[in-house]
Amino acid sequence: QVQLVESGGGLVQPGGSLRLDCAASGSIVSLNGMGWYRQAPGKERELVAVITSNGLPNYANSVKGRFTISRDNAKNTVYLQMTSLKPEDTAVYYCNYKTPIYDYWGRGTQVTVSS
């Protein structure tokens with residue numbers, strides 16, 4: 001089993017920054033395949049950023065240049081550094097880990113970008 005716990009969400013003004021953490025535990029041997037999704041009210045859940053199988057990041061066009069996904073292998077933690085935040089970034093952000101058999105999700109953390 002794999003457990004994912006997100007933290008770091010909160011209220012931030014437009015143009016501000018925030019870092020989300022995803023602490024993973026359980027049967028994880030590599031953080032490749034870990035990613036961040038978000039879901040805004042009335043919208044479908046969408047991919048934000050992912051660490052690909054070769055260890056390189058991939059980003060949605062809407063966040064490219066503003067968000068950075070990174071990891072600390074020793075801590076089994078994946079981060080999402082968000083800068084230049086916009087109101088449209090407001091959503092619940094979820095940590096995700098995909099395997100050939102299971103698709104693991106955290107409970108989510110709320111990010112609100114507002115004045």
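These legends describe close-up views of a predicted model.

View 1. The protein chain holds eleven strands and zero helices. Read along the sequence, its pattern is β-β-β-β-β-β-β-β-β-β-β. The C-alpha trace spans about 40 × 25 × 25 Å along its principal axes. The radius of gyration is 13 Å, which agrees with a compact globule, because 115 residues packed that way would give a value near 13 Å.

**View 2. Surface and interior of the chain.** Of the 115 residues, 40% are buried. The accessible surface comes to about 6,300 Å². Carbon and sulfur atoms account for 48% of that surface. Now look at the contacts between residues at least 6 apart in sequence: 53% of them join residues at least 24 apart.

**View 3. An open sheet contains four strands.** The strand order is E1-E3-E8-E7, and the pairing is antiparallel. Strand E1 (2–7) and strand E7 (67–72) form the edges. Each edge strand pairs on one side only. On average, neighbouring strands of this sheet are turned by 20° against each other, direction ignored.

**View 4. Strand E1 pairs with strand E3.** Strand E3 covers residues 18–26. E1 and E3 run antiparallel, and six bridges join them. Which residue in E3 is the bridge partner of Gln3? The partner is Ser25.

**View 5. Thr52 sits in a loop.** The loop lies between strand E5 (46–51) and strand E6 (57–59). The side chain of Thr52 makes a polar contact with the side chain of Asn54, at 2.4 Å. Leaving aside neighbours within four places in sequence, Thr52 is in contact with Asn32, Gly33 and Asn58. Met34 is 18 residues away from Thr52 along the chain, yet their C-alpha atoms are separated by 7.8 Å.

**View 6. Thr109 belongs to strand E11.** This strand covers residues 109–113. Thr109 counts as buried, because its relative accessibility is 11% and buried means under 20%.

Terms used:
Residues numbered from 1 in each chain as written. Predicted model: local features only at pLDDT ≥ 70, side-chain atom pairs only at ≥ 80, totals over all residues. Heavy atoms only, no water. Helix = DSSP H or I, 4+ residues; strand = E, 2+ residues; numbered from the N terminus. Contact = heavy atoms within 4.5 Å. Polar contact = N/O pair within 3.5 Å; in protein donor to acceptor, adjacent residues only side chain to side chain. Pairing = 2+ DSSP bridges. Axes fitted to C-alpha atoms, helices over the stretch in contact; angles between N-to-C directions. Buried < 20%, exposed > 50% of the residue type's maximum accessible area, 1.4 Å probe, protein only. Rg over C-alpha atoms; globule rule 2.2 N^0.38 Å. Areas by Shrake-Rupley, 256 points an atom, 1.4 Å probe, with all protein chains shown as cover.
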